[in-house]
Amino acid sequence: MSTPNQNLFAALRAGFPADLDTIAVETDDELAYSWRDIERATAMLANLLQSLQLPEGSRIAVQVEKSVEAMLLYLATLRAGYVFLPLNTAYQSAEIEYFIGNAEPAVVVCTPKNFGWVSKIAFQAGTHNVFTLGDDRTGSLLDRAAVHSDRHEIAQRSADDLAAILYTSGTTGRSKGAMLTHGNLLSNAQVLKDYWGWQSGDVLIHALPIFHVHGLFVALHGALLNGSTMLWQAKFDPKKAIAAMSRATIFMGVPTLYVRMLAEPALTREAVRTMRLFIAGSAPLLPETFNAWRERTGHTILERYGMSETVMLTSNPYDAKLGERRAGTVGFPLPGVQLRVVGDDGGELPTGEIGGIQVKGPNVFKGYWRMPEKTAEEFTSDGWFRTGDVGKVDERGYVSIVGRSKDLIISGGYNVYPAEVEGYINEMPGVAESALVGVPHPDFGEVGVAVVVGKSGASLQAEDIIASLKARLANFKIPKRCFVVEELPRNTMGKVQKNLLREQHKALFQG
Ligand code: MLC
Ligand code: AMP
């Protein structure tokens, strides 16, 4: 007997409705894609990729604006059995150069506008195939795919084969590529389908970017596995999101999206009358946002917690029989996920005590791309993954995240690693040292503030430092403020006391 195909695409494909001529995706500019369109277009793109005769396990790196075609490229990569490597459109040349150099993709797909510089980086790194894809269905990728057959047999993959690599920055040094398998992604998608009660007739508003876990996996896999229509919004706009709610049942967003929608008078009980579920994650949802949403809409946001290395780990309950959705908590470990809280000595802590969160489960990634030492560091000898998040579990089993042992700022749902930004600042002429700290922000939740010390005799200007960073780093990593000071506070061991800097600047954006 032949083994069943464990390619994630096969499972997603099996979720398509029987009538392939119904609508799968509807866009902002009123284009409609049927399930048959998805089936045919992914076949053509998969045939194109396979015609390139790439080696097994080839990475397909993609930095393009959000579009349905970009989603189709992701699905076609799975279908053809290659490894998808999504890149945030905000990344600039130094960042892209690192990712391409590290991942050595066989194919790079970029926007027509960026072809000049991206192709140069790609060719220098030995990539032979560089295609373009615009957000208006233009570019060489679709031109080349158009001549291929719209029939394609899904490539045979086992659960342990790689499906995607997601780069996530390290606390020190460069970004690490988290290797996720077909099995990681499918097991998580199936658990979430049941846990969140996906049902016939569900319609998802898809308003998140598709180069990170939240928009690419959690939202997309949910809708596809359930055969649900997606209302596809290329860029989040609170007015458009609210307007779409009268035709939808599910919305997923980072907390900033909820904050921005709450600022709209159009958000009323009437506007959300057909909605079944609002899900938040990727960053802490403030209890005040949770409460304001409940008051305004009558809906209780369901907060969940996850990360690139593990997809989703915990969720507040959907089913009221399992408990209520509690503000300030991320709910229970999902079925199949084991979670423990450990102290500094690595021993498991009793209920209610705060410590490092470690997890195990079929969703936990395979390791960091070509970084066996980093992978070994992040797993305990008995196979638990150290999340770098600090939290506790209460007597009813609700998990709360109270902090992070990793030095990380989460701004509007995007991760900013201080070490990376400080590295760029420290290289600037006249800079002796710097510290980037996260402070509360009403829109983005948290933002970075840079504190910089100049070399003796140097005259540094905060605006110049910001301008220089803007030319080199993704926009969401740029500190919202910069201060030039005489010295950084240090403890007796000589370590910079970031907690003091955070305290000093915590009110910068309040009121
Ligand atoms: C934009 N800017 C940001 C920012 N996004 N600054 C800090 N943090 C951010 N997240 C900057 C822009 O560069 C610009 O700066 C200024 O803010 C105003 O831009 P904007 O027009 O308001 O931004 P907008 O395009 O509306 O984007 C905001 C946003 C976006 C919230 C819609 O950031 C977003 O889509 N966030 C979602 C991220 C996400 O999907 N995360 C999931 C990760 S997965 P200037 O100076 O140029 O004017 C994960 C795992 C899990 O974490 O558990 O899910
Ligand atoms: P990423 O590397 O982008 O996958 O980010 C993962 C990190 O986001 C986690 O390790 C957490 O620190 C954080 N995170 C995700 N969801 C939540 C949440 N609901 N509450 C608090 N932090 C969260």
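# Charged pairs, buried contacts and positive phi

Arg-326 has a relative accessible area of 23%, which makes this residue partly exposed. The model described here is a predicted one.

## Salt bridges

Arg-326 has a charged partner, Glu-324, and the side chains of the two residues meet in a salt bridge with a distance of 3.1 Å from N to O. Glu-324 is also partly exposed, with a relative accessible area of 40%. The pair belongs to a network of salt bridges that links Glu-324, Arg-326, Asp-394 and Arg-396. Side chains of opposite charge can pair when their charged atoms come close.

How many salt bridges does the count come to? The count comes to 27 salt bridges.

| Pair | N to O distance |
|---|---|
| Arg-13 and Glu-39 | 2.7 Å |
| Arg-326 and Glu-324 | 3.1 Å |
| Glu-422 and Lys-498 | 2.6 Å |

In the pair Arg-13 and Glu-39, the closest N and O atoms are 2.7 Å apart. Arg-13 is partly exposed, at a relative accessible area of 23%. Glu-39 has a relative accessibility of 15% and counts as buried, because the cut-off for buried is under 20%.

The salt bridge of Glu-422 with Lys-498 has its closest N and O atoms 2.6 Å apart. Glu-422 sits in helix 13 (residues 418–426) and Lys-498 in helix 15, so the pair ties together parts that are 76 residues apart in sequence. Are these two residues buried or exposed? Both Glu-422 and Lys-498 are buried.

Helix 15 spans residues 498–505 and also holds Glu-503. Glu-503 has a relative accessible area of 47% and is partly exposed. The side chain of Glu-503 is joined to that of Lys-506 by a polar contact of 2.7 Å. Another glutamate, Glu-309, lies 194 residues from Glu-503 in sequence, and the C-alpha atoms of the two are 31 Å apart in space.

## A patch of negative charge

Which residues gather in a patch of negative charge on the surface? They are Asp-28, Asp-29, Glu-30, Glu-65, Asp-135 and Asp-136. Glu-30, a member of this patch, is placed in the loop between strand 1 (23–27) and strand 2 (32–34). With a relative accessibility of 72%, Glu-30 counts as exposed, because the cut-off for exposed is over 50%.

Asp-29, another member of the patch, has a polar contact with Thr-27. The contact joins the two side chains at 2.7 Å. Thr-27 is found in strand 1, and at 13% relative accessibility Thr-27 counts as buried.

## Positive phi

Most residues other than glycine have a negative phi. Two residues here have positive values. Glu-30, the loop residue between strand 1 and strand 2, has a phi near 65°, and Glu-30 is not a glycine. Val-311, also not a glycine, has a positive phi of about 50°.

Glu-30 is exposed, at 72% relative accessibility, whereas Val-311 is buried, with a relative accessible area of 3%. Val-311 is found in strand 14, which covers residues 311–315.

## Two further buried residues

Thr-256 is found in helix 10 (residues 255–262). The relative accessible area of Thr-256 is 7%, so Thr-256 is buried. What does the side chain of Thr-256 reach? The side chain of Thr-256 reaches the backbone oxygen of Asp-443, at a distance of 2.9 Å.

Tyr-98 is found in helix 4, which runs over residues 93–103. Tyr-98 counts as buried, at 15% relative accessibility. Along the chain, Tyr-98 and Ile-121 are 23 residues apart, and their C-alpha atoms are separated by 9.5 Å.

Definitions and conventions. Residues numbered from 1 in each chain as written. Chains lettered and ligands numbered in written order. Predicted model: local features only at pLDDT ≥ 70, side-chain atom pairs only at ≥ 80, totals over all residues. Heavy atoms only, no water. Patch = residues over 30% accessible without salt bridge, like charges linked within 9 Å, V, L, I, M, F, W, Y side chains within 5 Å. Areas by Shrake-Rupley, 256 points an atom, 1.4 Å probe, with all protein chains shown as cover. Salt bridge = Lys/Arg side-chain N within 4 Å of Asp/Glu carboxyl O. Lys, Arg positive; Asp, Glu negative; His and termini not counted. Charge placed at Lys NZ, Arg CZ, Asp CG, Glu CD. Helix = DSSP H or I, 4+ residues; strand = E, 2+ residues; numbered from the N terminus. Buried < 20%, exposed > 50% of the residue type's maximum accessible area, 1.4 Å probe, protein only. Polar contact = N/O pair within 3.5 Å; in protein donor to acceptor, adjacent residues only side chain to side chain.
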